[in-house]
Structure formats: structure tokens, C-alpha cells
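I opened the model to look up a few things and noted them in the order I checked them. The entries follow.

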Amino acid sequence: MGARKQIHLGVHFPGVNNTTVWTDPRSGSQIDFTSFEHLARRAEEAKLDFFFLAEGLRLREHKGQIHDLDVVGRPDTLPVLAALAAVTDRLGLAGTINTTFNEPWELARQFATLDILSGGRAAWNLVTSSDAFTGENFRRGGFLPHDERYERAAELVAVARKLWDSWDDDAVIAHAGSGQFVRPGSVHEVRHEGKHFQVRGEFTTPRGPQGHPVLFQAGDSSDGRDFAAATADVVFSAHSTFEAGQAFFTDVKGRLAAHGRRPEELLILPATTVVLGDSAQDAAERSREIRLQQVPGPTAIAFLEQVWGRDLTDHDPEGALPRIEPDVENLDITRGRVRHVKDPRSIAAAWRELADANGWSIRQLVIEVTSRGGFVGTATQVADAIDRHVQEDASDGFILVPHLTPGGLDDVLDQVVPLLQERGSFRTDYAGTTLRDHLGLTRPAPRATRSTSDRALVG
Amino acid sequence: MAFPVTPRQLHLGVDLSDAGAHPAAWRTHGSQAQRLFDAERLQHLVEVAQRGTLDLVVLDDSFSLQPSRSTTLRGRLDAALVAARLAPRSRGIGLVPTVATTHTEPFHVSKAIATIDHVSGGRAAWQVSWTDDEQDAAHVGRGPALTEAGAVAEAEEAVEVVTALWDSWEDDAEIRDQATHRFVDRARLHYVEHDGVHFAVKGPSITPRPPQGQPPIVVRVGSEASFGLAARHADVVRISATDRDEALDLRLRLRAAAAAAGREPGDLRVLVDAFVVIGPDRASARARLDLLTELEGVEWDTGSLTHVGTARDLAETFLDWSAVGAADGFVVRPASLHTDLDVLVDSVVPLLRDARAFRDRYAGPTLRDQLGLARPVNRYAAIA
């Protein structure tokens, strides 16, 4: 039998949606640095690949007001990751940064800085946004046509890579005698003339330990998958069930060859939740309790309002679904989150039927239809399932999403990870120092060993 | 006694940029120039500054490389991220990154500084900068550079947006009310609705109000335009002055302009940039500067207070300038960080403490505590 495929695992800091339960007495601050430090240190003790932090650029709104039922407020992604670099040594530090409201020069130097400050542990989950709602917080506004999102993102990555490659790896020699701080000819001027960006000059920041930070991509559309196949190192996927995971895995890995890439050059890591129990029944019980915490009555009503496009606060969440039809003219009732309601009337009809057939209240229905699966079982059952997903190519690992800040993954790290290590499917210690080392990704070659075609293009 | 019974309390910062303020500092023994970008080198410098209970460290930044006419040193890190990296393992000392407004959105600046304030438990400040440099403009490629006056005007508007966003959450906005399942009280979150000349920003911030309420605003004055910005908005003003009378005049004019803008002049901290080469005697300090000059081949032209001499003479200069009201303190710019910072902390600071003009322990956890500045009332709560 050959060596087992190695599992890659990240931890996701709890987000500002109703996966995160704040009503639990154990729920801590989503702002205090101690919360971030707790999760990062625990993940590093368990030898995980990385810590992941999402971003928001506008507080969500519902019915024209700030949505107040879920966790609201978060710190800025990159400074938190830079601070975590001071209290961890090996753990990868991944963050979502939207590309729409920044200049490539600025983003490239921020990620080069994070890579240097962390000794080669930076990763960038590159997302694009074109919505005018978020754009209202920025002078650039929502200027980007939707169909140009990936085009602009691709050009932005190309510019960032030119900037990261513009310093040779050994540029800093600090030779006091000759007075040469950088080796002559080792800092190359960048010239980029493109549709979205015109960038010229000598970059400020040396090449980081990883050459380029690890790039994550989360888009699920066909364009998004192609973009990932062309440019990303990791796909942050939503397909965590076994069958959907295999289908997604096969599809995305199949797109790599067209870009001259091998399957192991792009890792597929779905987000998932884990609920553990002493027995399968105990775990299922706990999972039900968590779902009830995640969907309190007001949250259930607010969720229905997104589909109905109407105020439904006069409905009892423990009662029957509304008989009134959705207002199809008012589908923007909730803004600042990714959810597209395509055909509200048929959804409403299907949900009524489902609720009637099962005797479900509004709240029970919402719990059922918003359930995103995840692993529920004993530590052994969960370890078996995670390992099976990876060994049978439904994923290359998982990004673990807790429901509690900051200790929601303590039990998984304490109980499940050791079982994966016993199976020989997960590292017992870090073999390298950089995130690329942990993920088995090669370091992008420096400029000197590449073709000079880009120079010819701009020359 | 040579000093008054209750001398004015000094505020001291240190500039941690590059290997020191002298362009040849990196070429001298012990500079660790190979480790210039190593976070642990900077962490050590902060520990030294913290041992001297200094108020703050300043981190310079720019979108362009150091100009070759001024130094052979090359390379910069993003100052805000460096400040964040230094926060978890330091205490008491303020962390002051330079962030320019010309090519960065005020919404981003606001949450970055707010986050450093959260991570450090209230020790962040923002040194506002701007650029009229054509090179910087070419890096971004959105048009020609602004004039200096235009860039400062835009920076001023950015300061207004950033500080409004810091107040866009009231301190007690997060209620976690179990009975109604509301996490925040949306009445205590505020749209800033800024619609100005350069920016339109809706708000509120995504980041709750920072621990200091308003992290201090630091402005370097080098022109009429920046003088006005400082008088209207700065908590800490950095000035350049080669002699005491020049500093006194500038400090008085700043206070008068602040008062004219409706501010309390006592809330301004005017710090003079002080370039230092400190040695056990004047001759050895002079010899060290001569070596640096020889390495670089040009005279050291600082444009501000420059001390080449002993720790005792430097302490006396600081006390003298402070006593006559020429300065509330100094931003020390060590010629060589690896040499002069230790001497500052171990030889100059004890003399200032002996003169009872400088703290021997931090006044509290926040930078506002060290600067003696009260935590501001929230502008939105005040009018509610």
C-alpha cells in the first residue's frame, strides 16, 4: 500500500453570520486579540496548516437597517494576521482581501510585508466585488461591471506577481564595505500597461520567503473555477458533502491541465463544521441544540423575509409559514451578503409543502433548509469521514468552521487531529517553515530563471 | 537645584525607520543591516524603547523606495502591518505607523489604525501623510501627482472621514441582548454620510470604536498647508527646528492657530525632531559622526535640532527647550539605531528622570495615558 494522501487542515475564525452563536455563555469577543490568539495558538499546537480570517467592508442591512441579530463588527484582516505572526511560528496566516477597492501596488506590498514579517506564512484569499452597496464606503464606488470582475482580478494578480518578482531573491546583500545595500541590477523596474492598471516603478518591498504568498480563491461559478485553475493555489470550496465534493474536485482538478498545471498544484479545501459527541446519538443531539441556537425565532423570520421580500415580524416563528405570496419586486431586502433569491414564489410554495408534510414551524423549516451538513459524530467517526473524503478525492482537506468564539474547535483539535495523526494521514510536526511547505506547494521561481518574455512584452 | 521644583513633563518618541536617521547607519558595525526587514530586530528595538518608558515609536513609510540621492539603503515594509506585528509583545509604548491618504481609501485607513489600537490595547496613533511625488503617482497609474496643497487638502478630508468612522460605533453599541436576540443596538451605530470634495463614504465602520476612542493623530509640519492641517486636527505635531527660538515661535503659533480653530491649545503635543549622535564625550560622538560622513561622502544635513555630544548635554538641551516652552517633547532620531537608542534609554532617560521631567513608569495602558490626553467623547453620542 502506498503512502497515505496527506490531509490539509485550516481553522476559520468565526464570522459575522448565524453559524456563529453569540448567545452561548461560552461565547467570547470577536474583537479582542486574545480570541484570535487563542484559536491560532491552539491550531499551531495541533500542527494545522493555517488560520483563516474573512473580511467585511460594509455592515449587512436588512429592511433598510443594520442587521442586528448576528455578530456585527470585525477588525481589519491584515493587521490581525500581522499581529498573529508575533505569537505563532509555523501556522499559515490566510486572509480574505477584496481587490476592488485597492490598488495592486498597495496590496502587493501589504502581502509581501506580511510574508516577510511572518517568515513565509502569508496567504491571500482574493475576492472580487462589484456591488454598489459596498462601494458606498469607497471613493471608487461600485464602478466595476459584474462581467469584468475576474478579468480585473486576473490582471491584478498578474501585476502583483510582477511586483513580487521584481526584487531578486538575493537582492539584499548589505555590503558595508562597498556601500551596496542591494546587489546592483537586482531590483527591476516594473512596467505594466493593461486595461485596468497602469503601473510603473521600482517596488518598495523585497521578495518574501515564499516568493509569492499562497493564493486562495473561492468563486464557484464556471468563471470562478477557471480563474482558480489558472491562478490559485487553494480553492476555498463550499462543497463539503462527499458526492458534491468529489464532483467539484474532479471538475476543478480537470481544468488544470488546460493551464499547464498538475493536480497537486491546486488544493481543494471545503469549509465544514464539526460536532462531536460521546456517541453518535449524543453528537446528533448536540448538533440539534446548536442548530436551535443558530436559528432563534427572530433569525428565522428575518431569513423568510429575504425570500418573501416583506416584513413578516407579525408571524410567530413557532407557527406556520406565511400564506401571503412573496413580493417579487423587493428582492434586495437584505444587502451586504451573498444570497441570490431567483424565484421566490416557487421557493415559497416548495417550503410550504415541506413544512406541511413534516409539520414544521417557520423556525424548524429554516433550520432544515439552511443546514449545510458538516461532520457530526464521535471523534473516531469524524476522523474516519475526514480521512475518507481526502483518500477518495472528495477534497484535499478542510477548513474547520467553529460555532463558538474562540474555543469552538478545541475539542476537534484535541480529539480528532490525534486520530488522523495515528492513521498517518496528518503531520505530527511541521516539516518546513513556510505555508507553501505545509501545503506541498512549490515556491514560484525567481525572475532570473524565467523566460524574459514579459520584459519583451513591455519593451 | 538647576531645575524648577515641578518641571514640565517631557514626551519622548523614537523613530525606528531604516537602520537609523543617518543614511550610512546601516554600514556601521552592529547595524544588523542583513536583518533590516526582520521583525525580531524591530521587536528588540521596541523592547529597548519600552525599557526607557518612551511614549512612542514612529515607523516611516512611503509608496516609493528611498531616493538614491539620500541613501544607498533600499526597501520598506508596510508600516501599519509592522506596527501590528509589534503590538502583541509590547506594553505601554505607543505604536505610530505612517499611512498616506493619497492612494489609500480612508475606510481602509480607519479600520487598520482602529485594529492596531484593538490589538495593542489602546496604543496606536496615525501619522498622517500624503504625497505629491510623480513616482508614487506612476506606481498607481491613475493620473498625475497632486500638488502639495492639493494632497494635504485631500489628507485633511481623509482625516475627517477616518475620525468620523472611529466614532461611528458608540462604545456600548454591542449589547448582546439575549431577550431580543439583538447583538448590537443599531441606534448606537451611525452612518457617517460623508459627501465631500474627494470622498463620499457612507459608514458605519466595520470595526467597533477603538479602545482610545480616537487614536491620536500625528502630523509633521513642513509647510503652510501642513501647518493648517496640524492646527486643526493633530494631537501630536512633529516640527523641525534648528534652534530653541524657532521652535518656541512655531509652537506658540501652532497653539494660537489651534485655539483659533476652536480647540484647546493644551491638547496639542508639539514634539521637535531631534537628530542625535550620543557618545561618552563630545570628541567620540564627533568622531562617530565623522565616520558616518566619510562613509556617505556628504555632510549630515538634518534640518532640525542636531545633537552630537554627551548624554548629559542632550538631557540639558531637552530640559532647556522644554522649560522655555519651545517643545512638549522630542521625536528622537538616532543616527544609528543600534548604538544611539541604547544610550538614549540607558544614559539620557535616567538624567531626565533625576530631573523629575520624565516618567519612570507608564501612566496607564494607552498612548493617550502617556501623552496626558483624555479619551474623547464620541461625536455622535454627544449630539444624541
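**Interface of chains A and B**

Between chain A and chain B I looked up polar contacts and found 40 residue pairs across the interface, both residues at pLDDT 80 or more. A polar contact is a pair of N or O atoms within 3.5 Å; within protein, one must be able to donate a hydrogen and the other to accept it, and residues adjacent in sequence count only if both atoms are side-chain atoms. On the side of chain A that touches chain B, the elements giving two or more residues are β4 (65–66), α2 (77–84), α3 (104–117), β7 (172–175), β8 (180–182) and β10 (198–201) of chain A. Of these, α3(A) gives the most, with eight residues. Helices (H or I, at least four residues) and strands (E, at least two) are DSSP runs, numbered from the N terminus. By class, that side of chain A has 38 nonpolar, 22 polar and 16 charged residues. Ala, Val, Leu, Ile, Met, Phe, Trp, Tyr, Cys and Pro count as nonpolar, Asp, Glu, Lys and Arg as charged, and the others, Gly among them, as polar.

This is a predicted model, in which local features need pLDDT of at least 70 and side-chain atom pairs count only at pLDDT 80 or more, while totals for chains, interfaces and linings use all residues. Residues are numbered from 1 along each chain as its sequence is written, chains are lettered from A and ligands numbered from 1 in the order written, and side-chain values use heavy atoms, without hydrogens or water.

I counted six salt bridges between the chains (a side-chain nitrogen of Lys or Arg within 4 Å of a carboxyl oxygen of Asp or Glu). One pairs A:Glu103 with B:Arg142, the closest N and O atoms being 2.7 Å apart.

**Helix α9(A)**

A:Gly309 follows α9(A) and has a positive phi, near 65°.

**B:Asp340**

B:Asp340 lies in helix α10 (residues 337–354) of chain B. I found B:Asp340 buried, with a relative accessible area of 0%. Leaving aside neighbours within four places in sequence, its contacts (heavy atoms within 4.5 Å) include B:Arg288 and B:Pro334.

Notes: Buried means under 20% relative accessible area, exposed over 50%, partly exposed in between (1.4 Å probe, protein chains only).
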